[in-house]
Amino acid sequence: MDRLTPEIIFGVIALYFLVLMAISYFTSKDADNADFFLANRKSPWYLVAFGMIGASLSGVTFISLPGAVGAGGGNQAFSYMQMVFGYLVGYAVIALVLLPLYYKMNLTSIYGYLEERFGKWSYKTGAFYFLLSRVIGASLRLFLVAIVFLQITEGFEMEVPFWLVVAATILLIWIYTFKGGIRTIVWTDTLQTFFMLTAVVLTIVAIGNALDKNVGDLVGTIQQSEYSQMFYFENFMTDSNNFFKQFISGALIAIVMTGLDQDMMQKNLSCRTLRDAQKNVFAFSVILVFVNMLFLGLGALLYIYAANVGIEIPERTDQLFAEIALEHLSPSIGIVFILGLIAAAYSSADSALTALTTSFCVDFLDIEKNQKSESENKKTRFAVHIGFSVLLFLVIIASYYLTDKPVINNLFSAAGYTYGPLLGLFTFGLFSKSKIQDGWKVPVICVVAPLITYFLQINKLFIGFELGFLNIGLNGILTFLGLMAISYWEPKLEGETDTPSWEVGDDEGLLDD
């Protein structure tokens, strides 16, 4: 095989999805709503842990992170690792604080906690912000894949409209998730994580062969390059890569984008017991450190290779990995890249679509509490699944015309505005014993807080201090203060304690074997 052809590429893609559909067929037999939402809480923790690597990284890390290494601005060189180290703190909070809470309350949607703690307005507001956050996040991830697929078709001088590429991308996800939901995704994510990591390792080996260097030589080359700096302690006020900003941002991002995110928590809640879910989170967080180092090393090597062979860096640095893998390395690496890209993107997007469907059905349609039959609820779930597929399609099309920065930066910036209110709501609920006047004031606070954050950041009203990804912290603080302003202390009745109902019981929760 001298070169890639459209037939080979689309043949590989077709074969890949046939495998996913085969997995879907065997895992979705006789699947009901309980299987779709939480796999009947029978998922092996080690499968969840390995699959969550792919879901956490996604196509954004696979494509955008290597490109960001040499792009300048946020996350340049190895500075992203500062955020990854912050993740470890965030994941510890998830395992030791949030997971015990979710298991003891026996939640399907984690936003049910807000209803128990505050009331319906807070509950619906939290669920709405998850839907908004996940629609934006999933769309940006799928946007990257569609861009690369479009780049492939243009390379073969095929005139395929962008909307058709996007539509095909989403349709494939819908086909293998609409029936089995999370029960299917636990298994497909495991396969997709394997393909994604294999693609990165083999690409690094291929670049080493092209540069006539072994693994040890490659490590030395990276260390001696301009891309190897990991820690940035200077310019706390103005540098978005400053260690303290990145570390704190990483901890907050891990808490909100995993611990307060229905998509990521849905996989954890599908584990058999609380202890299994905690083992999953700790194992996953340690592995994630090494995997991110691998991606950053690949990013540095892409820039080093491009300089060695005279490749011009694309204006969209997100496209650098694709250009080198498809046009400058062997055809076999091109195939591996395509498999890795599909795996990376779909391991996140498929679970996002399932989580969006779950949250809307449980949080807004009360599918667990209504008196309808299983078949009627399945029809409802089916319609919601289609509706969110269409919504993702529309948002991706809009993203194509509105963004030109590395997508990983756009993703974390958007997360600061959409996840901030969730951070404020859960923090106030967990660390304050006050009640709030649950009503229209709650959504108003959760809209005003990100607007103030955006206004302060865009107008640089911090006397030269650049917030960077810390916008999520400011947003959460403003939400917390707003909730405090409408809070009140309710005197206890005689014999009443401060211990809420979900804190009663053994440490293993309601689902221990």
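First, the ground rules. The model is predicted, so local features need pLDDT of at least 70 and side-chain atom pairs count only at pLDDT 80 or more, while totals for chains, interfaces and linings use all residues. Residues are numbered from 1 along each chain as its sequence is written, and side-chain values use heavy atoms, with hydrogens and water left out.

Now the overall picture. The protein chain has 19 helices and two strands; these are DSSP runs numbered from the N terminus, with helices being H or I of at least four residues and strands E of at least two. Of the 513 residues, 59% are buried, where buried means under 20% relative accessible area, exposed over 50% and partly exposed in between, with a 1.4 Å probe and protein chains only. The accessible surface is about 20,900 Å², and 63% of that belongs to carbon and sulfur atoms; areas come from the Shrake-Rupley method with a 1.4 Å probe, and for residues only the protein chains shown count as cover. Contact means heavy atoms within 4.5 Å. Among contacts between residues at least 6 apart in sequence, 85% join residues at least 24 apart.

Next, helix α9, residues 215-224, and helix α12, residues 274-309. Their axes come within 10 Å and cross at roughly 80°. Axes are lines fitted to C-alpha atoms, for helices over the stretch in contact, and angles run from 0 to 180 degrees between N-to-C directions. The two helices are therefore roughly perpendicular; that class covers 65 to 115 degrees, with under 35 roughly parallel, over 145 roughly antiparallel and the rest oblique. Leu218, Thr221 and Ile222 of α9 meet Gly297, Ala300, Leu301 and Ile304 of α12. That contact has five nonpolar residues, two polar and no charged. Here Ala, Val, Leu, Ile, Met, Phe, Trp, Tyr, Cys and Pro count as nonpolar, Asp, Glu, Lys and Arg as charged, and the others, Gly among them, as polar.

Stay with glycine 297 in α12 for a moment. Is glycine 297 buried or exposed? Glycine 297 is buried, at a relative accessible area of 10%. Leaving aside neighbours within four places in sequence, glycine 297 touches Phe78 and Ile222. Its C-alpha atom is 9.7 Å from that of valine 200, 97 residues apart along the chain.

Last, helix α17, residues 420-431, and helix α19, residues 471-485. They pack at about 50°, with axes 7 Å apart, which makes α17 oblique to α19. Residues of α17 in this contact include Leu423 and Phe428, and those of α19 include Phe480 and Leu483. The contact divides into eight nonpolar residues, six polar and no charged.
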